[in-house]
Amino acid sequence: METTAPLTLFNSLTRRAEPFTPVHPGEARVYTCGPTVYNYPHIGNMRAYVFADVLGRTLSFKGYKLTHVINITDVGHLTDDADDGEDKMERMAAAQKQSIWDIAEHYKQAYWADIRALNIRQPAQWTVATDYVPQMIEFAKGIAEKHCYELDSGLYFDVSTVADYGRLARAQTENGEGRIEAVEGKRNAADFAIWRKTPSGETRQMEWDSPWGKGAPGWHLECSVMSGAVLGFPFDIHTGGIDHREIHHPNEIAQNQAHCCTNGLDEPTNSGAKIWMHNNFLVERSGKMSKSSGEFLRLQLLIDKGYHPLAYRLLCLQAHYRSELEFSWEGLAAALTRLKRLVMAVEQLKARIPAGEGGPTTPGRVFAPHLERFASAVSDDLNTSVALTVLEEVAALKKADPAEKLAVLEAMDAVLGLDLLNLTRADLRIRPKSAEITEAEIEATLAARKEARAAKDFARSDALRDELAAKGAEVMDGDPLGWEWKLA
């Protein structure tokens with residue numbers, strides 16, 4: 001779809017919004033740091049993948065041939081992103097008394113289920129860390145002589161051997177600031193492990209032979225190897241959460257510089273990627289974002305409480321990806337109501353299209369200004385909050401050809417990913433896990449209540465309403481969305 005708005009994206013490395021000019025004309029190659037599959041992802045984790053999905057959808061909308069890669073870390077990620085502590089995978093396997101391979105598979109499938117529930121498109125490739133260990137060893141061998149040194153605990157990268165180490169981070173790490181591991185013998189406080197040796201006398205479930213002894217790769221090494229192997233250096237865009245900006249991504253960049261024999265970072269492609277993009281945190285005030293909090297906030301908990309997962313996606317779209325987003329149940333309920341309005345508008349629109357006319361046609365000229373404003377919004381560093389407003393304006397237009405209008409909504413939703421042309425009002429009415437009544441029972445009681453109201457037996461009508469409320473179904477008399485009831 002042709003629009004005049006150029007795509008600009010904020011580059012964390014240069015600290016400015018830049019026009020997107022692909023490394024390979026007509027293509028867009030994107031790498032996203034994926035999960036460490038030792039536990040269920042919380043909804044803050046999933047914000048990063050909604051953001052990356054909108055980025056990919058926008059690149060497709062702008063006409064680029066997209067190659068998007070997301071990795072799965074199933075080895076080598078420690079309890080602290082700064083290369084310190086226990087291995088998360090080994091620790092969970094021990095706690096669950098299961099094979100580390102079984103742990104990885106279970107939580108990988110759980111993550112993929114959340115990806116599907118949020119209508120996140122499948123990337124061109126999922127790269128799984130354990131599939132790339134031989135390449136990681138070769139990568140490390142290639143940079144070891146000039147950039148690394150060996151200690152009893154493993155092979156370490158000397159950050160003083162590359163120019164501009166830490167430029168990506170807001171707080172520079174050269175002087176040891178931040179979450180840096182204290183290891184005796186390190187030359188610089190910010191040096192990090194490329195390869196971790198298995199301690200003498202121990203055996204780990206995941207370990208490989210290497211020139212530096214039996215052990216496992218460092219987390220930072222994995223992403224450098226997988227991104228370069230699939231996309232080639234330099235590629236276009238590297239994404240991740242803002243927490244990666246301080247240590248993990250600077251360490252990736254240092255490895256990429258060493259591997260590619262590049263100089264300082266005044267030329268962004270020397271980092272391995274032309275643009276580095278980071279989404280901000282999802283903030284939740286009760287402390288349930290932490291996976292150590294017991295019942296932490298994962299997508300399934302939202303579903304168990306009766307919220308469709310795409311209401312959470314819409315909540316994410318309401319804020320700019322670089323802004324903090326505060327989560328609250330009230331905010332999620334408001335997002336669900338907003339989604340209901342859009343779904344009902346599309347349902348009503350479909351009903352106006354005569355049978356046999358088929359699906360959406362192409363947008364008419366009357367919608368050109370809306371499409372241009374929408375394109376300008378998403379092209380302005382993915383301004384989804386404005387794009388949502390434009391979509392709602394189109395949905396609210398009264399005098400318009402329904403097939404053309406549906407085509408416009410389809411084109412816009414291809415970027416926002418709310419699945420508006422397939423969702424139904426019934427899909428959004430999710431039964432909370434705690435509900436003690438079936439939908440059939442609710443409908444039967446509502447029918448009896450309508451009869452009582454028609455007969456002006458308001459005492460019985462009120463009693464039936466109270467009966468429903470006691471069983472978890474809230475009657476919504478006069479609801480402008482026409483839902484009649486919801487499971488509380």
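Rings of Phe, Tyr and Trp (its six-membered ring) pair if their centres lie within 6.5 Å; planes under 30 degrees apart count as stacked, over 60 as edge-to-face and the rest as tilted. Keep that rule at hand for the tour.

This is a predicted model, where local features need pLDDT of at least 70 and side-chain atom pairs count only at pLDDT 80 or more, while totals for chains, interfaces and linings use all residues. Residues are numbered from 1 along each chain as its sequence is written, and side-chain values use heavy atoms, leaving out hydrogens and water.

**Whole chain.** Show the cartoon. The protein has 14 helices and 17 strands. These are DSSP runs, numbered from the N terminus: helices are H or I with at least four residues, strands E with at least two. Of the 488 residues, 55% count as buried. Buried means under 20% relative accessible area, exposed over 50%, partly exposed in between (1.4 Å probe, protein chains only).

**Aromatic pairs.** By the ring rule, the count comes to 14 aromatic pairs. Select Phe51 and Tyr321. Their ring centres are 4.5 Å apart and their planes lie at 10°, so the pair is stacked. Phe51 is in helix H1 (residues 43-61), and Tyr321 is in the loop between helix H8 (309-317) and strand S15 (325-326). That puts the two 270 residues apart. Phe51 is buried, at a relative accessible area of 5%. Tyr321 is buried too, at 6%.

Next, select Phe157 and Phe192. This pair is also stacked, with 5.1 Å centre to centre and 10° between the planes. Phe157 belongs to strand S9 (residues 154-157) and Phe192 to strand S10 (residues 192-197), 35 residues apart. Both Phe157 and Phe192 are buried.

Now select Tyr49, Tyr111, Trp112 and Trp126. Ring pairs link these four into a cluster.

**Charge over ring.** Here NZ of Lys or CZ of Arg must be within 6 Å of the ring centre and within 35 degrees of the ring normal. Select Arg298 and Tyr40. The charged end of Arg298 sits over the Tyr40 ring, 3.7 Å from its centre. Then try Arg322, which lies over the face of Phe10 at 4.1 Å from the ring centre.

**Two helices.** Which residues of H1 meet H8? Select Ile43, Gly44, Arg47, Val50, Asp53, Val54 and Arg57 in H1. They meet Tyr312, Arg313, Cys316 and Leu317 in H8. Contact means heavy atoms within 4.5 Å.
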